[in-house]
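Thanks for coming. I will go through one structure this morning, starting with a pair of helices and then moving to the sheet. Please have a look at it first.

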Amino acid sequence: MSEIFSGMNKIALVTGATSGIGEATALLLAKNNFDVIITGRRNERLNQLSARLKAMQVRNLPLQFDIRQKNEVSNAMLQLPPEWRQIDLLVNNAGLAAGLEPLHENLISDWEQMIDTNIKGLLYITKIVATGMVERRSGQIINVSSIAGKEAYGKGAVYCATKHAVEALTKAMRIDFNPYGIKVGSVSPGAVETEFSIVRLKDANANQKVYAGYTPLKADDIADAILYMATRPAHVNIADIFVLPTAQANATVFHKKH
Ligand SMILES: NC(=O)c1ccc[n+]([C@@H]2O[C@H](COP(=O)([O-])OP(=O)(O)OC[C@H]3O[C@@H](n4cnc5c(N)ncnc54)[C@H](OP(=O)(O)O)[C@@H]3O)[C@@H](O)[C@H]2O)c1
C-alpha cells in the first residue's frame, strides 16, 4: 500500500462485501478513489477481496463480523484504527431473503434471520457510523432497499416487510440527519443475479431457474447507481434510485422468452 494513497481519499464502508452487490460496489468505489472498509461473515471471501484491492493499490480494511450480533458490530467498529474512523460513506448493503412460501408455511427462523439482518443489523452499524458523521457534520448513507420495499408480493411477506422498513428508516434518517448535512438515500433493485436466490431458496442451482428466459441485472449495474449517488456535488442528494431489468415490469411481471 503506497503512502501516496493514504489520507487523500474518502473512506467508504460497505457491508456485505463478500459477494454480489456489495463486492461490486466495493470494487467500483475503489476504482473511483475511495478507500474501502469491507465487511461480511465469510473471512476467506473478505481476504480474497482485500488481496484483490491491494493488488489494485487500494487501501482497504477487511472487518469480519455477523451484523446480527450487536456486540460483534460494536467491537469491530470500536477497534477501527484511527486512520479509518472518519467514514464518509456508509453503504448498508448486507441483507437477504430467506424462504419463498406463503406466510403460514414460513420458518420462524427465516423471519428472524431477515429481521435481524435487514433491519436490526442495518440499525446497529448505522448508529455507530452516523454518530461520527453527526460529530463531523458530513457524510452519506446509502441503504440498499429493494423492489420489495415498494411492493408487497406473495410468498415474500417478511422480506417485503423488512425492505419496507428500510424505506421508512431511509426517510426518517434523512430527517434526523438533515441538520448535520448528511446525505441519506436508497437504491432499490429489481432482480439482480447474485447469490441472493441461492441463499433465498437454499439451492446452489437456484440461479439457473430464477433467471431463465430473461436478462437480470448484474451486481455492477447496482454498483454503478451507488457510485452515481456517491459522486454528486455536495448540494445534491439522490434520495432513491429504483432500477429494474428491462424484462421486469414489477415484482411479479417478467417478459420471459421460452
Ligand atoms: N439480488 C437481488 O435480486 C436483490 C434485489 C433487491 C435487493 N437486494 C438486496 O441487495 C443486498 C445485497 O444482496 P445480493 O443480491 O448482493 O446478495 P448476496 O450475493 O447473497 O450478498 C449478500 C451479502 O450480505 C452479507 N450478509 C448476509 N447476512 C449477513 C450477516 N448476518 N452479517 C454480515 N453480512 C451478512 C453476505 O456476506 P456473508 O454471507 O459473508 O456474511 C453477502 O456479502 C441485500 O440487502 C438484498 O436484500 C438484492
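Let me start with a helix contact: Trp 111, Met 114, Ile 115, Asn 118, Ile 119 and Leu 122 in α4 meet Val 158, Tyr 159, Thr 162, Lys 163, Ala 165 and Val 166 in α5. Contact here means that the C-beta atoms of two residues, placed from the backbone, lie within 7 Å. Helices (H or I, at least four residues) and strands (E, at least two) are DSSP runs, numbered from the N terminus.

Before going on, two remarks on the source. Residues are numbered from 1 along each chain as its sequence is written. The model is predicted: local features need pLDDT of at least 70, side-chain atom pairs count only at pLDDT 80 or more, and totals for chains, interfaces and linings use all residues.

Back to the pair. By class, the contact of α4 with α5 has 9 nonpolar, 2 polar and 1 charged residues. Ala, Val, Leu, Ile, Met, Phe, Trp, Tyr, Cys and Pro count as nonpolar, Asp, Glu, Lys and Arg as charged, and the others, Gly among them, as polar. Helix α4 covers residues 108-136 and α5 residues 157-176; their axes are 9 Å apart, at an angle of about 5°. Axes are lines fitted to C-alpha atoms, for helices over the stretch in contact, and angles run from 0 to 180 degrees between N-to-C directions. The two helices are therefore roughly parallel to each other; the cut-offs are under 35 degrees for roughly parallel, over 145 for roughly antiparallel, 65 to 115 for roughly perpendicular, and oblique for the rest.

Now the sheet. In what order do the strands of the open sheet come? The 7 strands run β3-β2-β1-β4-β5-β6-β9, with parallel pairing. Two strands pair if DSSP finds at least two bridges between them. At the edges are β3 (60-64) and β9 (240-243), each of which pairs on one side only. On average, neighbouring strands are turned by 15° against each other, direction ignored.

Within the sheet, β1 and β2 pair in the parallel sense over 5 bridges, and Ile 11 stands opposite Asp 35 in β2. Of the 5 residues of β1 (residues 10-14), 4 are buried, so this strand is largely enclosed by the rest of the structure. A residue is buried with 20 or more other C-beta atoms within 10 Å of its own, exposed with 12 or fewer, and partly exposed in between. Further along, β5 (residues 139-144) and β6 (residues 182-189) pair over 6 bridges, again in the parallel sense. Ile 142 has Gly 185 in β6 as its bridge partner.

Helix α8 (residues 219-230) packs on the sheet, touching β4 (89-92), β5, β6 and β9, and its direction makes about 160° with that of β6. Elsewhere, α2 (residues 43-55) lies across β2 (34-40) and β3, running at about 180° to β3.

Helix α8 also meets α1 (residues 20-31): their axes come within 8 Å and cross at roughly 50°. That makes α1 oblique to α8.

Last, two loop residues. Asn 33 is in the loop between α1 and β2, and its phi is near 70°, positive in a residue other than glycine. Is Asn 33 buried or exposed? Asn 33 counts as exposed, with 12 C-beta neighbours inside 10 Å. Lys 202, in the loop between α6 (196-201) and α7 (206-210), has a positive phi of about 55° although it is not a glycine. Lys 202 is exposed, with 12 other C-beta atoms within 10 Å.
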